[in-house]
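Subject: Structure handover

Hello,

Here is the structure for you to look at. My notes follow below it.

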Amino acid sequence: MPNFASDSRAHHIAELAHRALIDELEAWPKPGLVSLVDSGSHRDMDADTLRRSAGAIAPFFAELARAGAEGAPLGDLRRIGLRAEIAMMAATGGINAHKGAIFSLGLICAAAGLAGGEAVSAEDLAERVGALWGPEIARKPASPITHGGRAALRYGVGGAGAEAAAGFPAVRALGLPALRRGRHLAPGHPQAARIECLFALMADLDDTNLLHRGGEEGLRYAQGAAREFLEAGGVGAAGWGDRALAVHHAFVAARLSPGGSADLLAVTLFLDSLAQT
Ligand SMILES: CC(C)(COP(=O)(O)OP(=O)(O)OC[C@H]1O[C@@H](n2cnc3c(N)ncnc32)[C@H](O[C@H]2O[C@H](COP(=O)(O)OP(=O)(O)OP(=O)(O)O)[C@@H](O)[C@H]2O)[C@@H]1O)[C@@H](O)C(=O)NCCC(=O)NCCS
Ligand SMILES: Nc1ncnc2[nH]cnc12
């Protein structure tokens, strides 16, 4: 017998996850990343690719929320996540648009499904992912064949798996506070708050995409540029859009792309929207 209440909640959770991906895509100017304005440092994808990918994976977010509500073990969530990756690849013609986002948002969908109608703060929900599945996620060794896994092995960083296993510490310590600060600095400008959030994440995250594209030097350069932007007042300072645009152009010239930070911007927006419903 279908449970209509939990089914409509699962759809609501999936809609918010999809919205977070679209809000991330539309935020501008994002250094090196794809937006509605240009494709940044990416030659193989544009805004349409990311839109198609987001649309293709949205039904799996609902499936993950339902599985979470039923107390499914991580193995079941993984199987749904892998099917979502196949759907993403089919929708994009084989381009990895949202693999990290499927993983991170997907685990939060499952935790939100399990929480049912209980009011949970954004920080608490992020921590629950770590408490529920962290040890099992952390046991999975880094893959020697993925870009992220290779960067993790070569540079000794954690990447997407470690971030989720620890309950998204970068989102709790950097992303959510910066989103709130950005709203305070630029009231009525949600785009500005998203850019403040992205730069705060970039400033400290071990983003395996930056390592894959630019090595340690690329990661340090990107972190330094983000810190400089924030130290100059972030989106609270006059001319912030031009300064963010200058960083974008520098990243494109160096072929750098902070894809992990983009995913965690979407995670931050998703957690924030879930806590408000
Ligand atoms: C745990 C998995 C995510 C596997 O991850 P792994 O580390 O093995 O590596 P990748 O396959 O490279 O994917 C990791 C993606 O995670 C994002 N990311 C990077 N750093 C961080 C971080 N510190 N914290 C959080 N997230 C992070 C990042 O996603 C973005 O990268 C995409 C583009 O990547 P790629 O194609 O490699 O890069 P390009 O530069 O474009 O390539 P070229 O042009 O050079 O060819 C971008 O779109 C963002 O999405 C990393 O890519 C996970 O996949 C896994 O275990 N899955 C199994 C299923 C599962 O367990 N599911 C759970 C329930 S849903
Ligand atoms: N806007 C974006 N540009 C490039 N890679 C991404 N991965 C997730 N969002 C992205």
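The shell around ligand 1 has nine nonpolar, nine charged and 15 polar residues. Please keep in mind that this is a predicted model. There are 33 residues around ligand 1, and those that come nearest are Ala97, Lys99, His147, Asn209 and Arg213.

Now the polar pairs. The side chain of Asn209 has an N or O atom 2.5 Å from an oxygen atom of ligand 1. Asp263 also uses its side chain: a polar atom there lies 2.8 Å from an oxygen atom of ligand 1. Asp206 uses its backbone instead, with an N or O atom 2.9 Å from a nitrogen atom of the ligand. On its own, ligand 1 has 1200 Å² of accessible area, and the protein covers 88% of it.

Which elements give two or more residues to this shell? They are these:

- helix 3 (74-92) and helix 4 (99-115)
- helix 6 (147-155) and helix 7 (159-165)
- helix 10 (208-231) and helix 12 (259-275)

**Ligand 2**

The shell here has six nonpolar residues, three charged and one polar. Its members are Glu24, Lys30, Leu33, Val34, His42, Met45, Leu50, Ala97, Ala262 and Asp263. Ala97 is also among the residues that come nearest to ligand 1. Asp263 has its polar side-chain contact with ligand 1 as well.

| Residue | Part of residue | Distance to a nitrogen atom of ligand 2 |
|---|---|---|
| Glu24 | side chain | 2.8 Å |
| Val34 | backbone | 2.9 Å |
| Ala97 | backbone | 3.5 Å |

How much of ligand 2 does the protein bury? Taken alone, ligand 2 exposes 260 Å², and 96% of that is buried by the protein.

**His42**

His42 belongs to the ligand 2 shell. The residue sits in the loop between helix 1 (4-26) and helix 2 (47-69). Is His42 buried or exposed? Its relative accessibility is 13%, so His42 counts as buried; the cut-off for buried is under 20%. Its side chain makes a polar contact of 2.7 Å with the side chain of Ser257. Leaving out residues up to four places away in sequence, His42 touches Gly32, Val34, Arg213 and Ser257. Of these, Val34 is also in the ligand 2 shell, and Arg213 is among the residues nearest to ligand 1.

**Cores**

The largest nonpolar core has 84 residues. Phe61, Leu77, Ile108, Trp133, Phe168 and Phe270 have the most contacts inside it. Helix 4 gives the most to this core, with ten residues. Take Ile108 as a case. Neighbours within four places aside, Ile108 is in contact with Leu125, Val129, Phe168, Val267, Phe270, Leu271 and Leu274. Another core lies apart from the largest one.

**Backbone points to check**

Most peptide bonds are trans, and most residues other than glycine have a negative phi. Some places in this model go the other way.

- Trp28 to Pro29: this peptide bond is cis, with omega near 0 degrees. Pro29 is in the loop between helix 1 and helix 2.
- Phe168: phi is positive, near 55 degrees. The residue is in the loop between helix 7 and helix 8 (169-185). Phe168 has a relative accessible area of 0%, so it is buried.
- Arg255: phi is positive here too, near 60 degrees. Arg255 lies in the loop between helix 11 (240-254) and helix 12. At 36% relative accessibility, Arg255 counts as partly exposed.

**Ala119**

Last, a residue in the loop between helix 4 and helix 5 (122-139): Ala119. Its relative accessibility is 77%, so Ala119 counts as exposed. How far from Gly241 is Ala119, C-alpha to C-alpha? The two C-alpha atoms are separated by 36 Å, and the residues are 122 apart along the chain.

Regards

How values were computed: Residues numbered from 1 in each chain as written. Chains lettered and ligands numbered in written order. Predicted model: local features only at pLDDT ≥ 70, side-chain atom pairs only at ≥ 80, totals over all residues. Heavy atoms only, no water. Near = heavy atom within 4 Å. Polar contact = N/O pair within 3.5 Å; in protein donor to acceptor, adjacent residues only side chain to side chain. Areas by Shrake-Rupley, 256 points an atom, 1.4 Å probe, with all protein chains shown as cover. Helix = DSSP H or I, 4+ residues; strand = E, 2+ residues; numbered from the N terminus. Nonpolar A, V, L, I, M, F, W, Y, C, P; charged D, E, K, R; others polar. Core = buried A, V, L, I, M, F, W, Y, C linked by side-chain atoms within 4.5 Å. Buried < 20%, exposed > 50% of the residue type's maximum accessible area, 1.4 Å probe, protein only. Contact = heavy atoms within 4.5 Å.
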